[in-house]
Amino acid sequence: MYEKKKFMTGNSDFLSLQEGGFYYVDKTLLIRELLDHPAMVTLITRPRRFGKTLNMSMLQAFFESGSGGKKYFQQLQIWNCGEAYTKHCEAYPVISFSLKDVKGNCWEEMYGQFCNVIRNETGRLEARGLLGGAGAVQRIEIEDIIQRRADRITYMNALQTLAIAVEQTVGKKPVILIDEYDVPIHEAHEKGCYAEALGFEKTWLSAGLKDNSSLQFAVITGVLRIAKESIFSDLNNLKVYSVTSDKYREFFGFTETEVRNLAEYYGVPERMEEIRDWYDGYRIGETEIYNPWSVINYFSEGCRAHAFWSQTSQNTLIQSMLRKSSENQQKELRDLLEGKSFEKVISDSITYNMLDHGSLETAPADETTLYTLLVMTGYLKIERILRVLSTAYVCEVKIPNREIRSLYADEILEACRAMFPIAISNRFEDALFSRNSQKLQIVMRDFLLQTASAFDVSYEAFYQGMMLGLCAVMYENYWLSGNRESGDGRYDIQLKPKQREWPGILIELKVYRGKKAGVELQKELDQLSKQAILQMESNSYETELRAYGCKEILEYGMAFQGKKVAVASRVM
């Protein structure tokens, strides 16, 4: 029996995968689509680790003359499409850049990395004999780049310089490939040098891609589309395809058929339901898509399902916005964990000044930008497009699968919980399960004394949000809900256990509006907390938890006034 091909995780180089005999999910029909729908510049945005870099490597291997890739493509789908497509194999010079490592703590460090990327590709083209026939002007600039003596203007014009030099040398216009174009802009926004990075890359792209007579065509990939009025404002020849677009939908990520073929190849077709539950659920245009990185790791690690995908790129942007999110936005984010969906406006592009909208002291985070980020970075999926607006879409959005649900809880809700010190959160959880109202009262008093000065504590909504935030630490074991009907009334907070043998928890909140202080105030709060217990009892708030199968229910009544609190409890 022949040995099964293996996956090479973490390797995005097409030729080395082919040479090593590793399993390759055939995406070569992307070539046919690009040739059938020609555009001078094509931008495709997808979440991180959705196969963008491997596809760009595949395109380079196909189009680049002398790549040695033809013998591999003859075994792949593109070769069955006929001579109209195969004649393009190894037919062009290719200029290729990946900007994934253009990072740094300041603009000068990032600029140095950008120069290294340009210099390395210049050296590669020179070694392949593609620059030797450059004109005098281009030759001087190329030598300056290679010898590390080029000035900033030379580097900003380098994309155009290389394209012209390649055509002058071989008599053919080059194909230009730029992978992860948005990494420098995101990094610069985080490090406070956005204007410098934007200005440099905008000029670099414009010089090389706008009205460049030495360009065959260009393909660019990234996670986010940075709006036309910023980085792409000078490009009038750009076609953009995001997760809302139907074109190129099946070429980034795995389709249902591709995953089913994988499961059959590895002899585990019965695992499809598990794979679907964990890694399916994305929707690109009208096509269901699996996370390719996670599926590959699932098969590579003996078909053990857990969360493989983690989003580091752009995650700080989301966390920054979440720290500015309103109470209602945070509630919606928690509700998404319970499988709910919401109707939201999703834009195909963002500008970074939109990301800076709002602050903890003034306006909340811009909702369209927040949900656009969550969709484009892969934390949410578009369930369906409801309406098309002039520059955006009204979409139903939800969490795509089990993997993202766990990561979402860790990475997204963590930002919402940032206001709660971890020591307090742990003490709160311990006290909640202790069935000891006095212990819980001490924890709540300490928390209010430490943090309440940062908030307006005169409204019941503050205490509701505070308690929901504290309870969110238990997301792994409990479903959290608030202000819902059960029995003959509406409870304030319910924690429904994911395992029925654990206790269910109900919390009812009261706010004292009177004028008493000191000992008299504490007596009033004690009385109010007991009234909260009686309210839960008389209205049968435990009905939903009982129907679910909870054998034990912990009820807590809490009464607040400013930084004062009283807690009463009952075990059912």
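This is a predicted model: local features need pLDDT of at least 70, side-chain atom pairs count only at pLDDT 80 or more; totals for chains, interfaces and linings use all residues.
**Entry 1**

I began with strand 10, which covers residues 392-398, and asked how many of its residues are buried. Six of the seven are, so I noted the strand as largely enclosed by the rest of the structure.

I then looked up which strands pair with strand 10. On one side of my list is strand 8, residues 342-347, which runs antiparallel to strand 10 and is joined to it by six bridges. The other entry is strand 9, residues 381-388, which also pairs with strand 10 in the antiparallel sense, again over six bridges. Strand 9 and strand 10 together form a hairpin, and I found three residues between them.

**Entry 2: glutamate 396**

Which side chains make polar contacts with the side chain of glutamate 396? I found a contact of 2.7 Å with the side chain of serine 341, and another of 2.5 Å with the side chain of arginine 384.

Leaving aside residues up to four places away in sequence, I listed what glutamate 396 touches, and the list includes Phe342 and Glu343 as well as Lys381, Ile382, Glu383 and Leu386.

The pair with arginine 384 is also a salt bridge, with 2.5 Å from N to O. Arginine 384 lies in strand 9 and glutamate 396 in strand 10, so I recorded the pair as tying together parts that are twelve residues apart in sequence.

**Entry 3**

I looked up how many salt bridges the structure holds, and the count is 31. From these I picked the pair of arginine 124 and glutamate 121, whose closest N and O atoms are 2.9 Å apart. Both residues lie in helix 6, residues 107-127, where they are three residues apart, or about one turn of the helix.

Their accessibility was my next check: arginine 124 is partly exposed, with a relative accessible area of 25%, while glutamate 121, at 6% relative accessibility, counts as buried.

**Entry 4: a salt bridge between two helices**

My last pair was arginine 402 and aspartate 277, which form a salt bridge with their closest N and O atoms 3.7 Å apart. Where do these two residues lie? Arginine 402 is in helix 19, residues 402-416, and aspartate 277 is in helix 13, residues 272-279, so this pair ties together parts that are 125 residues apart in sequence.

I also noted that arginine 402 is partly exposed, with a relative accessible area of 42%, and that aspartate 277 counts as partly exposed as well, at 37% relative accessibility.

Methods. Residues are numbered from 1 along each chain as its sequence is written. Side-chain values use heavy atoms; hydrogens and water are left out. Buried means under 20% relative accessible area, exposed over 50%, partly exposed in between (1.4 Å probe, protein chains only). Helices (H or I, at least four residues) and strands (E, at least two) are DSSP runs, numbered from the N terminus. Two strands pair if DSSP finds at least two bridges between them. A polar contact is a pair of N or O atoms within 3.5 Å; within protein, one must be able to donate a hydrogen and the other to accept it, and residues adjacent in sequence count only if both atoms are side-chain atoms. Contact means heavy atoms within 4.5 Å. A salt bridge is a side-chain nitrogen of Lys or Arg within 4 Å of a carboxyl oxygen of Asp or Glu.
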